[in-house]
Amino acid sequence: MSTAGLKNPGGAVRGVGAATLVVEGLVLLLALLPLAKLGQSTAAIWLCAGLAVLSFALCGLLRYDWAWPAALVVPVALLAGGVLHWSLVVLGIVFGLSWGYVLYVRRAVYANKP
């Protein structure tokens, strides 16, 4: 992957990561109402709410190297939360794949830095 044309490749990668985390947070907030209407345990609802807050908080922390692998907590926690409802496993898989792609893009951009 070439960084040709990017004036600030690091900023571009942080933007992609932040956008992914915002989408994850919004999806988790949107999942609260169906979980409540289905009569799921409050633990599933609190898990989604807490992970949404974590996703939004990590958006501003992506300038630090530790925040990138820390964002993997969201899909891993959703996979573990699958014992509460099967839809959390689906979200964990989708979020894990999307974050894996973001990490791939980050590695490719930083590998081609001049």
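1. Rings of Phe, Tyr and Trp (its six-membered ring) pair if their centres lie within 6.5 Å, with planes under 30 degrees apart counting as stacked, over 60 as edge-to-face and the rest as tilted. The structure holds 3 aromatic pairs. This is a predicted model, in which local features need pLDDT of at least 70 and side-chain atom pairs count only at pLDDT 80 or more, while totals for chains, interfaces and linings use all residues. Residues are numbered from 1 along each chain as its sequence is written, and side-chain values use heavy atoms, without hydrogens and water.

2. One of the pairs joins Tyr64 and Trp66, whose rings are stacked at 6.1 Å centre to centre with 10° between the planes. Tyr64 is partly exposed at a relative accessible area of 38% (buried is under 20%, exposed over 50% and partly exposed in between, with a 1.4 Å probe and protein chains only).

3. Tyr101 and Tyr104 form a tilted pair, 6.1 Å centre to centre and with 35° between the planes. They are 3 residues apart in helix α6 (residues 86-111), and are therefore separated by about one helical turn; helices are DSSP runs of H or I with at least four residues, numbered from the N terminus. Tyr101 counts as exposed at 51% relative accessibility, whereas Tyr104, at 42%, counts as partly exposed.

4. Elsewhere, the axes of helix α1 (residues 9-30) and helix α3 (residues 42-59) come within 8 Å and cross at roughly 160°, the axes being lines fitted to C-alpha atoms over the stretch in contact and the angles running from 0 to 180 degrees between N-to-C directions. The two helices, α1 and α3, are therefore roughly antiparallel to each other, a term used for angles over 145 degrees.

Methods:
Parallel < 35°, antiparallel > 145°, perpendicular 65-115°, else oblique.
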